[in-house]
Every structure is written in structure tokens, then in C-alpha cells.
Amino acid sequence: MNQPTPEIKDIATSVPTGTDLIEWYYAQGFSDGLPVVPPTIEKVGAMLDALGGDPTLVECRVPPRWGNLTREVLAINAVMAGCLPDYATVIRAAILALCTPHFNLNGVQATTHMCSPLLVVNGPIRKQIGMNAGGNVFGSGNRANATIGRAIRLILLNVGGGWPGKLDKATLGHPGKYTYCIAENEEESPLAPYHVEQGYEADTSTVFLIAAEPPHSVTNHVADDPEGILDSICSAMSTFAHNNAVSAGHCAVVLGPEHARTIAKRGWKRQDIRYYLWHNSGNRWRDVTFGDRYGKVYNRSLPVWYKREPDARIPAIPYPENIHLFVAGGEAGRFSAFIPGWGSKSASQSVTR
């Protein structure tokens, strides 16, 4: 955590009888700003059992402080977040994905940008642990979504050292830095699940992670064809204010089930949707670069094949495959969301595990 993590038994025996445990853990600096669940020996033991035991086993090292994430420390943070033992393997898979080199968690933790890891879960585990993939999917009210995302953040703070104002240099941050975790609504989706499109079997459970901004709402209550709905999403994508426009990289698009059904009724598949969004979104080179009046500062991060002429139109996202498409949310409501990523390939790449 902020200092070498004490053994569970040491924590349990060092707290005087009658101590307000909520306040005590605040004083230790172990909280994300919200009250934590005291990690008792019994609760941590149950979490360790779900992880396979062996408390000293190091699962990974978490940047930017490169703290060792042992199973015991993972279990402690999961308990403090309010997780049930059933959630343990999802948290572990997500953390291992975040710590792969091409995700660049070191950069994500320390950047001045507002990005936070977004976790999307696919497969049977969603239903087994009661995740919300429907109404208010990005919002409050579901224990699994909220506490899994929070456990990841506590690990990023307590093990990775990503404390605001210290190693976390985000100028603004965003609310997803408390918890940013959803499941795909495979039951209401007319499209093949995301992980199946990526080559996994339908009965395999996966985690997808991307360093991302908050969801940008896309409203379209009138279109009865794919093009109309997708043009609204293209409009949200076609701005030079987000990182993708000025430094390429990956993004996510979440289709609400109503929008997804309207699109699928015309026979469109995931690949059709991605290619349409890629082909029909973007900006003029002169707008993205401010007419080069500040020099060529943005040119370095954009693909070399972009046509660097004032009126040339460049895509919002460099490749169709960089648009990660999900279906989530409630059955009613003609809303979708565009979720910009952090930036270029050298900044961070999405990971599925």
C-alpha cells in the first residue's frame, strides 16, 4: 500500500479494541476517498480461497510504483472494496491485463489526461456473479459492477502508487476513477458478443480493458435505419477535442439495445458498423492541427499515411479495428455512447484476456 503492506494478522492485532475501523483505515491512507470494508482475517481468507490460496504468490507488479501484487494484497484490496469472493477471478484477470506491457499502465497512471481503465466483461461469469449489463449500466446500483471496478482502483492506488497529486498527475480525472466496470448485454444484443468476434468461444469469460474518457452520450430518437443512427455516433466522434483525433489510438462505442436492434434488422454486422463509423467520421487536417499555427506538435503522434494537406479529411480513429463495439444498457431508450481512448499505439493499447 502506501508503505509495505502489513500482514493480515498484524493489522488485526495492532488496532486497539473499540477503534472506529472506518476512520482508522482512512488514517492509514488505504482508501479511495470512500469508506472501506475492514479486511478481517475471515473475509480475506475466503477471498484467498477463491484465488487458489498461496498468499505470498506475486501475481504481477503494478506501475508506476511497481509494487508487488501478492494474492494476499489482492484479496485485502478486494475485501476493502466490498467484493464477494465470487468476484476474485475477474479482478485478477483485469489486473493481469492492465499490467501487460502494451497497455502501458505506467503511462495511464501518471498521465495528465483524464483517462481511466474501463473494464467490460463478457461470457458466463457476468450472470454467475450478477453483473449489470442493462439499465443504468454505467451508473450506480449493482454491487458486482461497482466493487470490481473499485477493487481495481484500490490496487492501482495502494499497490501501484497512483495517488492524485503524487504519481497520478491527471489535470481533471473523471468519476470512472472510482469505478469503471460494465458487462456486455449479450442477452439483448442482436449481434455476436464482443469476445466471440475476437475469436473466443461463447462459453469463455473474458475481460476487455481500455484507457478511456467517460461515455459521451449519443441521442437519436428518429432514425429507423443504420445510417441515421451511426451518423449521430460519427458526429460525436468528429471533434478534434478528444485524444483520438490528435494522437490516434483506440476507442469504444456502446450501442444501446434499441439502436442495436434497428441496425441489425437491416442485416448489418459488427464489422459493417465499425467500417461505417471509421469511414464517415473525422476532421479536416487544418482543424486538427490548427492550421499549423503552433508548429507541428500534433503531427508526430498521427499515422504517417494521413494526408497532411489543409483540406484533407482524416479519420477520427486510424483503423476500423481500433473501434471496440459493445451492446449494453436498458431495453428502452434510443441512446448510445462514444468513449474516446487515451491516444496513440505508443500510449496505450486495449487488452482482452
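Let me begin with the conventions. Residues are numbered from 1 along each chain as its sequence is written, and side-chain values use heavy atoms, with hydrogens and water left out. As the model is predicted, local features need pLDDT of at least 70 and side-chain atom pairs count only at pLDDT 80 or more, while totals for chains, interfaces and linings use all residues.

I turn to confidence. The predictor's confidence in each residue, pLDDT, runs from 0 to 100. Its mean over the protein chain is 94, and 95% of the residues reach 70 or more. Over residues 1-9, pLDDT stays under 50; for this stretch the model has 22 contacts beyond four places in sequence, a contact being heavy atoms within 4.5 Å. Where pLDDT is low, the predicted coordinates should not be read in detail.

Next, the interior. By nonpolar core I mean a set of buried Ala, Val, Leu, Ile, Met, Phe, Trp, Tyr and Cys residues joined through side-chain atoms within 4.5 Å. Buried stands for under 20% relative accessible area, exposed for over 50%, and partly exposed for values in between, using a 1.4 Å probe and protein chains only. The largest nonpolar core has 57 residues, and the members that touch the most others are Leu69, Ile91, Leu119 and Ile148. Helix H5, residues 88-98, supplies the largest share of this core, with nine residues. Helices (H or I, at least four residues) and strands (E, at least two) are DSSP runs, numbered from the N terminus. A second, separate core holds 23 residues, among them Ile229, Val253, Ile263 and Trp268.

Which residues does Leu69 contact, leaving aside neighbours within four places in sequence? They are Leu57, Val58, Glu59, Cys60, Val62, Leu74, Ile95, Ile155 and Val159. One of these partners, Glu59, deserves a separate look. Glu59 sits in strand S1, residues 58-62, and is buried because its relative accessible area is 17%. Beyond four places in sequence, Glu59 touches Leu69, Thr70, Arg71, Leu74, Arg92 and Leu96.

I now move to the cavities. On a 1 Å grid over the protein atoms alone, a cavity is a set of points where a 1.4 Å probe fits but cannot get out, and lining residues have an atom within 4 Å of a point. Grid points are joined across faces, edges and corners, and a volume is the space filled by probe spheres set on the points. How many cavities of 30 Å³ or more does a search of the whole structure find? The search finds three. The largest cavity has a volume of about 60 Å³. Its lining consists of Ser116, Pro117, Leu119, Gly149, Ile152, Arg153, Gly176, Thr179 and Tyr180. Strand S3 (116-122) and helix H8 (143-158) are the elements that give two or more residues to this lining. By type, the lining divides into four nonpolar residues, four polar and one charged. Here Ala, Val, Leu, Ile, Met, Phe, Trp, Tyr, Cys and Pro count as nonpolar, Asp, Glu, Lys and Arg as charged, and the others, Gly among them, as polar.

Within that lining, consider Gly149. Gly149 belongs to helix H8 and counts as buried because its relative accessibility is 7%. Its C-alpha atom is separated by 9.1 Å from that of Pro117, 32 residues away along the chain. Not counting residues up to four places away in sequence, Gly149 touches Tyr178, Thr179, Tyr180 and Cys181.

My next topic is the backbone. Most residues other than glycine have a negative phi, and most peptide bonds are trans. In this model, the peptide bond from Pro63 to Pro64 is cis, with omega near 5°. Pro64 is placed in the loop between S1 and strand S2 (67-70). Trp66 is found in the loop between S1 and S2, with a positive phi near 60°; at a relative accessible area of 40%, Trp66 is partly exposed. Asn136 also has a positive phi near 60°. Asn136 lies in the loop between helix H7 (125-128) and H8, and is partly exposed at 48% relative accessibility.

Finally, the loop between helix H12 (257-264) and helix H13 (270-280) contains Lys269. Is Lys269 buried or exposed? Lys269 counts as exposed, at 54% relative accessibility. From C-alpha to C-alpha, Lys269 and Asn68 are 43 Å apart in space and 201 residues apart in sequence.

Note on methods: On a 1 Å grid over the protein atoms alone, a cavity is a set of points where a 1.4 Å probe fits but cannot get out, and a pocket is an open set with protein on both sides within 12 Å along at least five of seven lines; lining residues have an atom within 4 Å of a point.
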